Every structure is written in C-alpha cells, then in structure tokens.
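Please brief me on this structure for a first look. I would like the main points in short sentences, grouped by topic.

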Amino acid sequence: YFSWTYSHEDTVSFSSYDIKESHGSNFSVSFFMKSLKPDGLLLQLRRPPAEDEDKIYFSVYLRMGRVFVSSLPDSPPLTAPVFLTTGEKQFLSVEVKHTHVIFNHTGLNYGIGEIPMMTVRSGDKAYVGGLPQGWDSDRWGGHFKGCLQDFRLDSAHLDPGGWNSSDEVVYVSSESENWREGCISDDTCKTKPCQNRGECSVTFNDFTCSCPEEYTGKTCQTRVWCVSNPCVHGGLCVDLPDGYECKKPA
C-alpha cells in the first residue's frame, strides 16, 4: 500500500472521503503513521452538511505526541498512554465498540474509556490529515504533518490516490489538497542550519550536522577547546560553556 505525505514543506493538506456504507456503532480506524509533529488531526467524521461544525461526531488527533479520541465537540477527549511522534513508522488502531474505545499499539490493547454513542452512516464525510482551508482545526492540533499509509475505516481503504482493487473496498477521495505520494521529508538543510563548517544531512523532517572536531552540538554551535590541547606542562584541560580551564597541582 502506498504512503502519503501530508503538510510537505508546511503546506496545508488534507483529503476527504464520502462514506459509502454504514459502519454502525462498532467500527475501527487503523493506519501506519510516521511523524515528528506532536499535534495534528488524523481523522474526523462529520454528518452532511459537513462544513457545519455541529455535525462533527468523531475525531482522532495527536496532542503532545499522543493519540486523543473525542466524540461530540463538547465531550471530554480520551487519551492513549503512548508517545508516538518519534519519527519512526508505527501501526495504530482505534476500535469503538458501542461506547467503549480501545487503542492498539504494537499488539498491546489499551481500554482508554467511553464516549457517547454514535453511528457511522452511509453518506457521512471522513477527513484525513486536516481540514479544508478556512475551517478551524486548531482544537484538534491543526494539520497533521508526516506520512500515513494503509488508512482504513474497518476494511475500507481511505486512499487519496484512488487506486482500483477488485477485491477490496476503497473510498476514493472526493476532495484533497497538497498531499504527495510516497513518504517524503522536507528539505531541512535548505536553510543551511549547520554552523562553523558543519555538513548538513537530511533525516525525516529533521537534520544532523557533521561537525569539525573542534565544534559540537545540534548545529555545531559549541566550541570544543580541549581537543587542541591548549594546556602546557601537562595541565588537565576541562571544557566550560564559554571556554576552558587548565587544572594542575600547585
């Protein structure tokens, strides 16, 4: 299954889907995720007309690097006890059994609480990765930034690319913006963050600096003085935040 990149280079992106079948009050949401951004909307279900905020009835989103689940907009959210925005790809699922919510991560199930009863009906709308421009998504952490793969509502694939499969249910995106096929990092070296002749290498939505031996730190910003052996007559060199000192018996 393809991966899809959302909010590449901080663009505003999302994909939306028309739900073709009723999924009732027992359903699951599952996907692979890779992200470093601790906040962002993963999935939201709405009744038509979808642009009416009163029609929101189920949201799954990231807050402080953890998954939050909420039903009605004014109901308190549930939270899963696992930090997820590590930059590593991981599989997640949220299962709703009437009012009970079960979160699954790496094969471990967590019963995270109860939400008001609701039903996923044919004709509802699903939004993945964010909401259209002009809609308020801040209460759910704004737009998701990172990669999603094999996103499913029960066994139905939510696929922005619209691939065809004769033996699987696929909900094709009815509206989408600024997603990219594949799992693609931002060009994090384009601002030349490495100082003091450090060489920049892109990691997933982050960077590392290869520093000359006399510098250290995330951006090679800290001078390492003792590497040049500045202390004479056998003195012991100790690096300090703003220089060095030589220690030697009197």
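Leu 43 touches Val 29, Phe 58, Ser 59, Val 60, Ala 126, Tyr 127, Val 128, Phe 151 and Leu 158, leaving out residues up to four places away in sequence. Contact here means heavy atoms within 4.5 Å. This is a predicted model, in which local features need pLDDT of at least 70 and side-chain atom pairs count only at pLDDT 80 or more, while totals for chains, interfaces and linings use all residues. Residues are numbered from 1 along each chain as its sequence is written, and side-chain values use heavy atoms, with hydrogens and water left out.

**Nonpolar cores**

- The largest nonpolar core has 39 residues, and Leu 43, Phe 58 and Val 67 touch the most other members.
- Apart from it lies another core of 9 residues, including Phe 14, Ile 56, Tyr 61 and Phe 68.
- A nonpolar core is a set of buried Ala, Val, Leu, Ile, Met, Phe, Trp, Tyr and Cys residues joined through side-chain atoms within 4.5 Å.
- Buried means under 20% relative accessible area, exposed means over 50%, and partly exposed lies in between (1.4 Å probe, protein chains only).

**The annotated domain**

- UniProt, in an unreviewed entry, places the feature "domain: EGF-like" at residues 185–221.
- UniProt positions are given in the numbering used here, feature names are shortened, and annotations may be inferred rather than shown by experiment.
- Residues 185–221 are 0% helix and 32% strand, with the end C-alpha atoms 24 Å apart.
- Helices (H or I, at least four residues) and strands (E, at least two) are DSSP runs, numbered from the N terminus.

**Disulfides**

- The structure holds 6 disulfides, each a pair of cysteine sulfur atoms within 2.5 Å.
- Counting bonded cysteines along the chain, the pattern is 1-2, 3-5, 4-6, 7-8, 9-11, 10-12.
- Cys 189 and Cys 200 form one of them, with sulfur atoms 1.9 Å apart.
- This pair links distant parts of the chain, 11 residues apart: Cys 189 is in the loop between strand E15 (180–181) and strand E16 (199–203), and Cys 200 is in E16.
- The link of Cys 189 and Cys 200 is left-handed, with -80° about the S-S bond.
- Cys 189 is buried at 16% relative accessible area, whereas Cys 200 is partly exposed at 27%.
- Cys 194 and Cys 209 also form a disulfide, with sulfur atoms 1.9 Å apart.
- Cys 194 lies in the loop between E15 and E16 and Cys 209 in strand E17 (residues 206–210), so the pair ties together parts 15 residues apart in sequence.
- Both Cys 194 and Cys 209 are buried.
- Cys 211 and Cys 220 form another disulfide, with sulfur atoms 2.1 Å apart.
- The torsion about the S-S bond of Cys 211 and Cys 220 is about -90°, so this disulfide is left-handed.
- Cys 211 is partly exposed at 26% relative accessible area, but Cys 220 is buried at 0%.

**Salt bridges**

- The whole structure has 10 salt bridges.
- A salt bridge is a side-chain nitrogen of Lys or Arg within 4 Å of a carboxyl oxygen of Asp or Glu.
- Lys 190 and Glu 9 meet in one, at 3.1 Å from N to O.
- Lys 190 lies in the loop between E15 and E16 and Glu 9 in the loop between strand E1 (3–6) and strand E2 (14–18), so the pair ties together parts 181 residues apart in sequence.
- Lys 190 is exposed at 54% relative accessible area, and Glu 9 is partly exposed at 29%.
- Lys 125 and Asp 18 meet in another, at 3.2 Å from N to O.
- Lys 125 is in strand E11 and Asp 18 in strand E2, 107 residues apart.
- Arg 47 pairs with Asp 124, the closest N and O atoms being 2.5 Å apart.
- Arg 47 is buried at 16% relative accessibility, and Asp 124 is buried at 2%.
- Salt bridges that share partners join Asp 10, Lys 145 and Asp 186 into one network.

**A hairpin and a buried loop residue**

- Strands E20 (residues 236–240) and E21 (residues 243–247) run antiparallel and are joined by 5 bridges.
- Two strands pair if DSSP finds at least two bridges between them.
- A hairpin joins E20 to E21 through 2 residues.
- Leu 236 has Lys 247 in E21 as its bridge partner.
- Ser 137 sits in the loop between strand E11 (125–128) and strand E12 (146–153).
- Ser 137 is buried, with a relative accessible area of 5%.
- Beyond its neighbours within four places in sequence, Ser 137 is in contact with Leu 131, Gly 142 and His 143.
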